[in-house]
Amino acid sequence: MLELARLSWPIAISMLSFGVMTLVDTLFVGRLGPSALAGVGLAGTATFALLCFPMGLLRGVKVLVSQSVGADRRGELGAHLGAGLALAIVLGIATLVLGQGLAQLLPHLAASTAAGENASAYLAIRVLGAPFVLAFVALREFRYGDGDTRSPMVAALVGNAANIALNWLMVIQLGWGVRGSAWATVLGHGVELAVVIVAQSRDGFPISITRARHALALWRIGVPTGLQFLLEMGSFALLTTIVSLLGEVQMAAHQIALQVIHFSFLPTIALGEAGSVLAGQAVGANEDGLVKRIAHVGLVGAALYTGACTLIFTVLGVPIVACFTDDVALATTALGLLRVAAFFQIADGAVVVARGVLRGAGDVRVPAMLGICTAWVCTPPLAWFLGRELGLGALGGWIGLCTEILVLAVLCWIRVESGAWKPLAVESRARLEREAKDDAPSEPALAA
């Protein structure tokens with residue numbers, strides 16, 4: 001439990017970077033009116049949708065590094081870092097290009113002309129930071145896998161402080177509106193990348209030539225998670241589109257509830273990431289018996305934290321929503337969503353812990369398929385039926401989202417408890433053994 005806590009609390013803070021920058025943007029533009037808030041909400045979802053595949057893929061760096069550390073194969077770490085950074089640069093540029101095209105389509109998905117213009121302007125600027133974001137993720141995941149969670153935490157804190165200061169300057173003082181908020185976030189991502197580069201340079205950049213097998217290993221581990229993130233985000237993006245078409249107030253309320261729940265849930269995500277690191281190290285060290293114990297400890301921690309958040313949101317929902325808006329209709333709608341979201345946190349915590357531990361054990365394909373299937377079977381159909389046909393608005397979409405998470409929690413924990421991940425753990429160790437043989441000097445070389 002102590003090791004899980006040691007790793008997880010800095011991760012919780014360092015993972016503030018992307019999500020909390022959007023939260024800060026939401027707070028600063030909230031006073032500009034529902035159309036600005038709705039536009040940032042739609043564009044923020046689109047930005048994350050563009051980045052979720054590469055971010056999911058790059059999480060494979062952490063799995064490979066932690067397994068190599070557990071197997072005492074530290075000579076492989078530089079190649080894994082090199083593969084991660086190379087993919088981050090390529091995918092960052094591709095994301096930037098795709099984002100400019102998507103920015104031209106967002107006005108057609110908004111409930112009003114003003115909301116559409118704000119969404120397009122915000123996304124066109126915000127996506128310029130994609131290479132910064134992905135390079136930071138690659139370095140962050142490398143350091144996580146090697147047991148260092150504090151350096152990314154410091155980088156996230158400095159980057160978010162810069163984002164807050166720049167939002168105040170560009171939105172409040174200079175009056176640049178949503179464009180100023182987007183530029184503040186891009187620069188904030190650049191600052192956090194610079195800080196983590198400085199931290200890594202102090203330890204040296206152990207980048208070595210990436211052989212094909214290192215790139216393929218990252219691709220094999222990372223692609224299922226990347227596709228899972230992409231397709232699950234596709235389901236959520238469709239939910240957001242449905243809500244957006246229901247009106248500015250519904251979309252703005254959805255954005256408020258989403259940002260509050262995302263911010264509060266970061267410590268649970270950190271528990272899942274810490275569990276992934278520890279499970280990877282256990283598998284690399286041939287200690288599979290520790291994997292389920294790590295999962296159980298993580299589940300207890302997640303349940304305690306999410307239970308406390310549920311209580312806070314239920315009791316203090318009104319003042320929390322008041323931080324974002326003073327519009328009565330918008331506040332009332334957002335409060336209803338927040339109360340529903342408060343109760344789905346507990347199940348979501350169980351999902352995050354289970355999937356993190358399964359990833360660390362090398363089990364990525366089946367959990368990814370489970371997530372994709374539940375996301376598309378539950379959320380968009382229920383959002384359309386409950387939200388549009390029955391007139392529940394954004395509330396119907398959130399009920400669909402809760403249904404998805406509850407089903408997925410049950411399926412993921414069945415997989416953890418059944419030990420279905422064990423053959424994948426054996427396969428991960430076999431890969432490490434093959435790498436050791438490939439790197440072993442030949443007999444003539446030894447003789448020389």
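Visitor: Is Arg140 buried or exposed?
Guide: This is a predicted model, and in it Arg140 counts as buried because its relative accessibility is 5%, under the 20% cut-off.

Visitor: What does Arg140 meet in a salt bridge?
Guide: The partner of Arg140 is Glu141, with N and O 3.0 Å apart. Glu141 is buried too, at 0% relative accessibility.

Visitor: Which residues are linked with them in a network?
Guide: The salt-bridge network links Arg140 and Glu141 with Arg59, Lys62, Glu273 and Arg359.

Visitor: Why would such side chains pair at all?
Guide: Side chains of opposite charge can pair when their charged atoms come close.

Visitor: How many salt bridges are there in the whole structure?
Guide: A search finds 11. One of them joins Arg355 to Glu232, with the closest N and O atoms 2.7 Å apart. Arg355 is in helix H12 and Glu232 in helix H9, so this pair ties together parts that are 123 residues apart in sequence. Both Arg355 and Glu232 are buried.

Visitor: And what does Arg429 pair with?
Guide: Arg429 meets Asp288 in a salt bridge, at 2.8 Å from N to O. Because Arg429 lies in helix H15 and Asp288 in the loop between H10 and H11, the pair ties together parts that are 141 residues apart in sequence. Arg429 and Asp288 are both buried.

Visitor: Staying with that loop, what about Asn286: buried or exposed?
Guide: Asn286 is in the loop between H10 and H11. It counts as exposed, because its relative accessibility of 51% is over the 50% cut-off.

Visitor: What is its phi?
Guide: The phi of Asn286 is positive, about 60°, although Asn286 is not a glycine. Most residues other than glycine have a negative phi.

Visitor: Back to H12. Which residues does Gln345 touch?
Guide: Gln345 is in helix H12 and is buried, at 1% relative accessibility. Leaving out residues up to four places away in sequence, Gln345 touches Ile261, Ser264, Phe265, Thr306, Cys309, Thr310 and Phe313.

Visitor: And Thr374, where is that?
Guide: Thr374 is in helix H13, which covers residues 365-389. Thr374 is buried as well, with 6% relative accessibility. Beyond four places in sequence, its contacts are Thr379, Glu404, Val407, Leu408 and Leu411.

Visitor: Is H5 mostly covered or mostly open?
Guide: Mostly covered, since 10 of the 14 residues of H5 are buried. Among them are Asn118, Tyr122 and Arg126. Helix H5 spans residues 113-126 and reaches 20 Å from its first C-alpha to its last, close to the 20 Å expected.

Visitor: Where does Trp176 sit?
Guide: Trp176 is in the loop between H7 and H8. It is partly exposed, with a relative accessible area of 46%.

Visitor: Last topic. What does the chain average in pLDDT?
Guide: The average is 84, and 90% of the residues score at least 70.

Visitor: Where does pLDDT stay under 50?
Guide: Over residues 442-448, for which the model has one contact beyond four places in sequence. Where pLDDT is low, the predicted coordinates should not be read in detail.

Key:
Residues numbered from 1 in each chain as written. Predicted model: local features only at pLDDT ≥ 70, side-chain atom pairs only at ≥ 80, totals over all residues. Heavy atoms only, no water. Helix = DSSP H or I, 4+ residues; strand = E, 2+ residues; numbered from the N terminus. Buried < 20%, exposed > 50% of the residue type's maximum accessible area, 1.4 Å probe, protein only. pLDDT = per-residue confidence, 0-100. Contact = heavy atoms within 4.5 Å. Expected span 1.5 Å × (residues − 1). Salt bridge = Lys/Arg side-chain N within 4 Å of Asp/Glu carboxyl O.
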